[in-house]
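Here is a short briefing on one model. It covers strand pairing, a helix contact and a disulfide.

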Amino acid sequence: MSGRTSATRLVRLLLACALSAAPARAPLAQELRAGFGVSALPAPENGPLAGYGGLRDRRAQELADPPQARALVLDQGELRVALVALDLVIMRPALRDALLAPGQALGVDSLVLVATHTHSGPGGYMPGFLAERVTAGGHVPGTSEALVDAARAALEKAVADLAPVRAASGSGALTLAVNRRRRDGPAETELPVLLLEPDAGDPIVLFAYGMHPTVRSRSSRSYSADYVGAARARLERAGWRALFLPGPLGDQGPSSGLGEIGSGDLALEARQTTEVGDALASAVESQAATLQPRAAARLGVLERWIEPPPVRLRRFCALWWLAPFTRRSLAGFLSESAPLHALRVGNARLVALPAEPAAALGSAIRALAPDGSVPFVVAHANDWLGYAVSSEDYRRGGYEPCLSFHGPDLGPWLVERAAETLAALEERTALQEQTGLREQDDE
């Protein structure tokens with residue numbers, strides 16, 4: 001951020017957070033608890049697969065691996081936060097809205113609902129011509145309700161599983177992702193890992209990586225969480241309970257030593273899915289092995305509702321040409337505001353974005369995280385405002401800029417909002433800690 005306007009906005013935001021009506025949280029002495037739950041998503045025979053779009057639906061013919069809902073609940077004192085990941089291509093507000101009441105009944109104060117962005121998950125959950133044809137397949141009534149039921153089941157299991165844990169986080173290097181637009185473009189190398197270790201039972205590992213789950217191509221007719229499912233399966237065989245969150249993957253594709261990704265050779269794609277997933281899981285295990293969990297991990301969360309810049313379609317893109325015909329459908333698809341979350345677990349800082357940022361934006365957000373923290377930049381959280389790219393990449397044009405619905409300012413705007421939210425979370429946490437210390441001194 002720079003300039004008087006940005007500085008003034010940040011000061012006002014910090015003041016508003018400090019004076020918000022949210023109750024003061026418990027001081028440092030409170031133990032951190034965590035719980036984990038898994039539930040299968042609906043995978044009906046011949047159901048539409050979401051991910052690649054087109055005028056005709058891809059229909060599922062088999063189940064390669066079951067798409068799932070996975071929930072992690074974190075609890076400390078009066079604060080309970082839930083992270084729920086569904087094996088879907090994008091997240092929509094209707095799903096989160098429907099899960100809020102069940103979450104609140106379970107004591108959840110703040111809910112982050114994420115799509116892993118697999119392109120081989122169940123579709124049919126988004127009505128409207130644009131949503132159906134661009135990504136989700138023909139709408140099937142009742143699908144959204146079934147997805148919410150699965151998410152609720154995973155959340156209930158996670159709450160029932162709550163137990164004291166020790167926490168540690170760190171970040172390693174991983175070079176599986178490649179820039180799918182420019183050979184010389186930035187590629188994701190950051191693999192942040194959060195380890196939660198209970199006194200009894202399997203440890204929980206949360207990890208994020210920015211790479212499209214598109215090892216299985218448009219030719220596939222199988223339900224699958226793609227390499228995400230393969231990575232989780234390997235980790236579970238090794239005794240971990242695993243939660244994957246998508247990193248800044250907007251321009252990032254997977255790579256394989258077995259051959260070209262997306263060849264359409266379904267047998268090769270199945271082997272590549274396992275290969276890529278195993279490589280990711282191995283990197284997660286290696287990073288987790290270096291961590292030393294401790295009991296005094298502080299939990300904090302800040303949820304902000306943000307209003308994106310006005311809709312501004314890039315000139316000469318398909319939607320720009322078709323604007324007279326798609327304007328109403330696009331207006332019904334895009335949200336006027338969306339939640340952005342910042343979450344603290346010990347020295348981990350997780351920023352959950354309602355968009356699909358490119359790698360350069362992920363790097364910019366990480367650079368603004370507090371010194372000494374381990375930043376997790378999470379895409380596809382709670383909503384999908386479209387792709388978000390740097391100003392330079394927007395000028396270059398291409399697929400992602402054409403689906404950056406809010407013009408060239410969306411990427412820089414998203415970085416600024418993320419920085420503000422991280423700063424506000426730090427300010428709130430500092431105030432709560434000072435309050436807690438004063439209360440202890442008074443005693």
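**Strand pairing**

Strand E9 and strand E11 (residues 190-198) run antiparallel, joined by nine bridges. Strands (E, at least two residues) and helices (H or I, at least four) are DSSP runs, numbered from the N terminus. Strands pair if DSSP finds at least two bridges between them. The model is predicted: local features need pLDDT of at least 70, side-chain atom pairs count only at pLDDT 80 or more, and totals for chains, interfaces and linings use all residues. Residues are numbered from 1 along each chain as its sequence is written, and side-chain values use heavy atoms, leaving out hydrogens and water.

- Ser169 has Leu194 in E11 as its bridge partner.
- E9 (residues 163-173) is also joined to E1 (residues 33-40) by two bridges, and these strands run antiparallel.
- Ala163 in E9 stands opposite Ala34.

**Helix contact**

- H5 (residues 227-237) packs on H6 (residues 266-288) at about 50°, with axes 7 Å apart. Axes are lines fitted to C-alpha atoms, for helices over the stretch in contact, and angles run from 0 to 180 degrees between N-to-C directions.
- H5 meets H6 through residues including Tyr227, Ala230 and Leu235, and the H6 side includes Val276, Leu280 and Val284. Contact means heavy atoms within 4.5 Å.

**Disulfide**

- The structure holds one disulfide (cysteine sulfur atoms within 2.5 Å).
- Cys317 and Cys402 form the disulfide, with sulfur atoms 1.8 Å apart.
- Cys317 lies in the loop between E16 (299-306) and H7 (318-321) and Cys402 in H11 (residues 399-402), so the pair ties together parts 85 residues apart in sequence.
- The link of Cys317 and Cys402 is left-handed, with -70° about the S-S bond.
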